[in-house]
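Subject: Structure handover

Hello,

Here is the structure for your files. My notes on it follow below.

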Amino acid sequence: MNPTAKPPAIICQGVGKTYFLSEERATSLKEKILRGGRGRQTQRVIEALKSIDLTIAQGEILGLIGNNGSGKSTLLKLIAGITKPTHGAITVSGTVASMLEVGVGFHPEMTGRENVFLSGALLGIPRQELEKRIPEITAFSELGHFIDAPVKHYSSGMYLRLGFAIGIFVQPDILLVDEILAVGDHRFQQKCKGHIRELRNSGKTILLVSHDLDAILGLCSRAVVLKSGTIAGEGHPYEMINLYKQHQFELARQRQEVISPEIIKRNRKGTFELRFDRIRMMNHEGQERYVFETGEPVRVELEWTAKQPIPYPVFGLGVMDDSGNPLYIAATDVTFGDIECVQGQGKTVFELESLPLLDGAYSLSVSVAQREDGPGSAFNLYEGFDFCDQLCPFFVRPGQKGYGLRGTVYIPCKATITSEADRYTP
């Protein structure tokens, strides 16, 4: 081991946190009378964190991503020393300032200036040091002469700006930030992010919890995804953000969430003489799936019902990005040829030999229209019997082919390098 190497800022070894909640269960009237009006007490066990192993280097900005209840805030509270782990150990090297609740400890009857000293005392900052920082805190929070007004007269934005300014000007070795980059208006948010970048450049260690995924991507050097109290993944922020989105998508599918009627009404139109009954995506083995890997074969099945014989129909398939922009559009007049007539119930199948998309969220749009005057005549897929716009969402993860690539479209690529050094012979 290099004796001059800096020790990690934070080491979590097998860290877990369990909460025991007492609940009163309803009982019979007789038992309630005997218990003095109280029901039977039961205890519910909640494992907020389970065996977390995590090492954070000095000078690193680590983003924590996850759903509400995944354990993000609990982990920050354990590192801050607000609460202790049920099992495992946490080692912290350096001073810690936690911005878990902006403005915690503010007294409404005291002025902003007085609350700066109060907050500083809670954080262990000497008064003379705070005196030096008052001008910076006042300027950053943009309070002006309101710094000497009681905070009970502050707007919510003023209150939050002061709390954030106090937190960042404490200058700790380690800064814990929990969901407070949304304070103030957009301009002030950008100002806060800029100051966090300055702290990063000065070598401070920062743990950032935020649902603002753009902030995680723009500020963090590494990210961790928490899921049900465990680490689901850690690595480059771009990859972890997409892993998180994939988990979100899979959870929605497991809950069998349906698209709201308002979206269906807005995103579907047509005469419905031929109507789609079902849109399904499948892998090459015929299993229904909505999470695929880059380059994987995909089968799209459209089940439909025609109220009457429909001559010369054309079925269309569109692959859309997360913003609804079309990436690929195919129609049966090209992929299959002319269809003379359909009626009753039927099925149209599109087979994509290789899904040419990189990791991210996408959707399918499907449509069916009719040629106006038989084979070779004009038609409009967007003005026909049934047009379903972005009503089949799916997700793509990189797999082996797309790993490490950026962008939207997968294009197979190889690189060769030649150099003058290749022709040099000593």
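Y19, L21 and I46 make up a nonpolar surface patch with about 210 Å² of accessible area together. Patches take residues with over 30% relative accessible area and no salt bridge, joining nonpolar side chains (Val, Leu, Ile, Met, Phe, Trp, Tyr) within 5 Å and like charges within 9 Å. A salt bridge is a side-chain nitrogen of Lys or Arg within 4 Å of a carboxyl oxygen of Asp or Glu; areas are Shrake-Rupley with a 1.4 Å probe, and for residues only the protein chains shown count as cover. L21 sits in strand β1 (residues 10–25) and counts as partly exposed because its relative accessibility is 35% (buried is under 20%, exposed over 50%, partly exposed in between).

The model is predicted: local features need pLDDT of at least 70 and side-chain atom pairs pLDDT 80 or more, while totals for chains, interfaces and linings use all residues. Numbering starts from 1 along each chain as its sequence is written, and side-chain values use heavy atoms, without hydrogens and water.

Strands β14 (residues 313–320) and β15 (residues 326–331) pair antiparallel over 5 bridges (pairing needs at least two DSSP bridges). Strands are DSSP runs of E, at least two residues, and helices runs of H or I, at least four, numbered from the N terminus. L317 has A330 in β15 as its bridge partner. The two strands β14 and β15 form a hairpin with 5 residues between them, and G324 in the turn has a positive phi of about 90 degrees.

On cysteines, the disulfide count is 0 (sulfur pairs within 2.5 Å). C220 is buried at 9% relative accessibility, whereas C413 is exposed at 69%.

Regards

Conventions
Buried < 20%, exposed > 50% of the residue type's maximum accessible area, 1.4 Å probe, protein only.
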